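Have the structure open as you read.

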Amino acid sequence: MSFSEDKFRDHIKQVVKSTTFETDRPLTLKELKELAEGMGVSEREWGELMIKAEQTLNTALGHLKVENYTDAIEMAEEATSINPYIKDGNAILAQCYYKLGLVDKNDELLTKAGHYARMELKNDPLDSIALNVLSAVESIQKEGRFSKKTIRTVAYVIGALLLVFILLYMCTRTVSRDDVRHEIEAGTPDQRMTRLTSTVNSNEAAYISAIERRNDIALELVGQVDDRSDRNELKESITEYDYNKIRKSEQRFRLALSDVKSNMDIDQEMSVRLQGGENRINSEKRRYQAAVANYNSTLESNDVDGDFEPIEARD
């Protein structure tokens, strides 16, 4: 490259580090790009940096998956030093520090886990991984000690969420890389519409998958319900869920779940898992609706030759 990548990365890291514990970050990703251009970074080189950040974060995720927490932290920090706003970067750091904190029984590491969880929530307030890491850390710190029961329960929840996170990340990371390349090589209107169609389909699948996972969790709750009427209504709201009429199905499910909650105390583990599922649904729904809106807006404003039709988002 015609610029010093190490110098650029160190400078960005210092800019972000200087306000690490401030309420708001001083720069947006767009402003960071402008800063990079001022340091001699070309459009192509910026795109390569963003792709490198994605690849490095993927390596960090691989280390996390096999419990190499120290290496995972190193890779994740490198990725976020290039792009402080990279999707799920701080969530991975939060998980790494949390898991390592449990292993080492180190309160300082747990504090770092909570910090990075909050950083992720600045980018995505609905991120279920960050929410649950933050909740787990605050619960442990509130007790002021490492309770074996708490660790076992929280580790189970985080483990389950980590599996969901890995699956979601593997499904979305390819799309994220393609988005960067597409910004660099826009292509013809038809090619752009084809890519947007693929993005809509991917986001729609992720949205539906999030609902299915939440419903699978709720099915586990069904067996714990003593009242036959509540149990049957909750089960039917799940097994008869109509994905072509999501709004109506969600209303039925939420009403059934509300009846269950009013008649019994749901244990903390199940409550956390259900809330995590709800957060993921809301997050994926937002991304899906944004993708549909982007597709329709682009279709309306471009002269395309292909057979493209407006898309109506699932509701």
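Let's start with α3 and α5, whose axes come within 11 Å and cross at roughly 25°. That makes α3 roughly parallel to α5, a label used for angles under 35 degrees, with over 145 counting as roughly antiparallel, 65 to 115 as roughly perpendicular and the rest as oblique. The axes here are lines fitted to C-alpha atoms, for helices over the stretch in contact, and the angles run from 0 to 180 degrees between N-to-C directions. Helices are DSSP runs (H or I, at least four residues), strands are E runs of at least two, and both are numbered from the N terminus. The α3 and α5 crossing is left-handed; that term applies if the near helix is turned anticlockwise from the far one by less than a right angle, and right-handed is used if clockwise.

Who does the touching? On the α3 side there are Leu57, Leu61 and Leu64, and they meet Gly89, Ile92, Gln95 and Cys96 in α5, where contact means heavy atoms within 4.5 Å. By class, this contact has five nonpolar, two polar and no charged residues. For those classes, Ala, Val, Leu, Ile, Met, Phe, Trp, Tyr, Cys and Pro count as nonpolar, Asp, Glu, Lys and Arg as charged, and the others, Gly among them, as polar.

A word on the ground rules: this is a predicted model, so local features need pLDDT of at least 70 and side-chain atom pairs count only at pLDDT 80 or more, while totals for chains, interfaces and linings use all residues. Residues are numbered from 1 along each chain as its sequence is written, and side-chain values use heavy atoms, with hydrogens and water left out.

Zooming out, the protein chain has 12 helices and zero strands. Buried residues make up 45% of its 315 residues, with buried meaning under 20% relative accessible area, exposed over 50%, and partly exposed in between (1.4 Å probe, protein chains only). Among contacts with a separation of 6 or more, 70% come from residues 24 or more positions apart.

Here are the helix pairs together.

| Helix pair | Axes within | Crossing angle |
|---|---|---|
| α3 and α5 | 11 Å | roughly 25° |
| α4 and α5 | 9 Å | roughly 155° |
| α9 and α12 | 8 Å | roughly 160° |

Take α4 (residues 69-82) against α5 (residues 89-104), with their axes crossing at roughly 155°. That makes α4 roughly antiparallel to α5. The contact includes Tyr69, Ile73 and Ala76 of α4, and Ile92, Leu93 and Tyr97 of α5. By class, it has 10 nonpolar, four polar and two charged residues. α4 passes α5 in a left-handed crossing.

The largest nonpolar core has 40 residues, and Leu64, Ile92, Tyr97, Tyr98 and Val133 have the most contacts inside it. Such a core is a set of buried Ala, Val, Leu, Ile, Met, Phe, Trp, Tyr and Cys residues joined through side-chain atoms within 4.5 Å. The elements giving two or more residues to this core are α3 (43-65), α4, α5, α6 (107-123) and α7 (128-143). α5 gives the most, with nine residues. Apart from this core lies another, of 16 residues, among them Met193, Ile246, Tyr288 and Leu299.

Not counting residues up to four places away in sequence, arginine 214 touches Tyr241, Glu250, Phe253, Leu274, Gly277, Glu278 and Ile281.

Most residues other than glycine have a negative phi. Glutamate 67, in the loop between α3 and α4, has a positive phi near 70° and counts as exposed at 55% relative accessibility. Lysine 105 sits in the loop between α5 and α6, with a positive phi of about 55°, and counts as exposed at 57% relative accessibility.
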